[in-house]
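Please open the two chains in your viewer and follow the stops below in order.

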Amino acid sequence: MRYSLITILAAATLIASNALAKQQDVPLPHPQVDELLECTEPLCLWVQPQICVTDNAPAVCKETVSVNWRSEEPLNTCLAFDEQVLACWRRESSGSWLGELTWFGDEILVLFTVDESDLTAEGEWRERPRRTSRQQFLSSLDVLASTEMQIQSLFPKARRRLGSPWSVF
Amino acid sequence: MPTVYRTLSAVALATCLCLPVKADEADTSFVEDFNEQLKVFINELNIRVAMGYGERSSIVRGTDPLSFYVLPDVSYYGERFFFDNGMVGYSLKQGRRHEVSLFTKLNTEFSFFTDSITGYWFGDAYSGVSSFRNPSPSGGWEDEPPSVDNIAKRSWAIDAGIRGDYYPADYTHIGVILSQDIRNKHRGQWASVMVSQGVPTALGNFNFKGELTYKSQDLVDYYYGVSSRDNVAPNYYYRGRSVVQPALSVHWQYPLSDRLSIVGSGRYMWLGDGVADSPLITKDTTTTFFLGVSYAL
């Protein structure tokens, strides 16, 4: 790993939301990263929010998420969420992405380096052959920084029932 | 038609008991209730009791249909451990849409040999013949076909195995089960594939399920085979064969309040030739139904 001192400064704002109030048509204001936090590491990644609080069950979060990164040197890099590449940057030393994400509590947002040849003329990542699992996908990447999207549920944890109700015979 | 009368009485009673509640709970959300029905909170004991009338048709000669008036629904799920209506298990792998678990449960084949629900739960088979019996004093076998009155007692068994559960979409559940006898009774195996689909409607929540269950020759032969262990003439001897048993079932739940629901269940199963060809068996299909009111404790 090239950047051993990478610090993930996740400005994790707890957003209390419920199932009805989570649809946000108005994008969150772009955070002024430099004003919020000082970055002293070779690479910094900010994700906002990183944790959501939900009062629905089973716990699912659907939020507009703002991602910002900054590096000391220009990078060819892409941002992926749960095996889906969201954005790529060619020879940039900073980048930002704003969009809606849905997570169930164990998804990982990852910033990884790519070869210049992996990017198309439009700056998009050339899709690699599909990996069979998230672990395989992640292990195939040269990860710069990553962060887990978390959920805090106000409800007791629930799981699917395996047996059929009223099944006694 | 006593069955029809009993069923209608159960429904009438249920309706009388529950209509006033329904008026107070007119804004019941079926979809929310349906979600509740499909999931369980961890570390909470869930007990529901349904009262009404249910019946399973008899397939073994000499038994009456199995009637029941109370149906329990008990489950407890921990992070990985679970108990669900007699099935005890431990989940080895849990994903967002799939789960792999080890489990053990009572083999329900025994229930065909009793016509009382207490007999089923307490392992008291109908048959009074506990072991090999000599021919009748007249010197020959009584020429009666095998029935629960003249065959050796079939014991209940405990099975254990592995199951994989997959949830490709909301309300859709696909399950694959492999199981083996661990009580050394039937010494056989069974395997099952099932698909269930929930359908929430304004008329209540429906759940449709299709199953294919393979039962090995050892399992079929232990319960439905007829041999020298039974007190019947040798011309009735029968060696059970493995079967694939298709089954269709529908479950209906009409929520009346947070705790009360009207529930109905129906199940139709084809026994397969390896079972149905046995001289012990009088039918080639079996039906089970229940209609009543459930209360969540």
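Begin by selecting B:Val60, B:Phe113, B:Tyr224 and B:Ile281, which have the most contacts inside the largest nonpolar core, a set of 33 residues. Such a core joins buried Ala, Val, Leu, Ile, Met, Phe, Trp, Tyr and Cys residues through side-chain atoms within 4.5 Å, where buried means under 20% relative accessible area with a 1.4 Å probe, protein chains only. Helix α4 of chain B supplies the largest share of this core, five residues. The model is predicted, with pLDDT of at least 70 needed for local features and 80 or more for side-chain atom pairs, while totals for chains, interfaces and linings use all residues. Side-chain values use heavy atoms, without hydrogens and water, residues are numbered from 1 along each chain as its sequence is written, and chains are lettered from A and ligands numbered from 1 in the order in which they are written.

Next, select B:Ser216, in the loop between β10 (204-215) and α4 (217-224) of chain B. B:Ser216 is buried, with a relative accessible area of 4%, and its side chain reaches the backbone nitrogen of B:Gln189 at 2.9 Å.

Finally, turn to the interface, where 22 residues of chain A are in contact with 46 residues of chain B, contact meaning heavy atoms within 4.5 Å. Select B:Asp73 and A:Arg161, which form a salt bridge with their closest N and O atoms 2.7 Å apart; the term requires a side-chain nitrogen of Lys or Arg within 4 Å of a carboxyl oxygen of Asp or Glu.

Terms used: Helices (H or I, at least four residues) and strands (E, at least two) are DSSP runs, numbered from the N terminus. Buried means under 20% relative accessible area, exposed over 50%, partly exposed in between (1.4 Å probe, protein chains only). A polar contact is a pair of N or O atoms within 3.5 Å; within protein, one must be able to donate a hydrogen and the other to accept it, and residues adjacent in sequence count only if both atoms are side-chain atoms.
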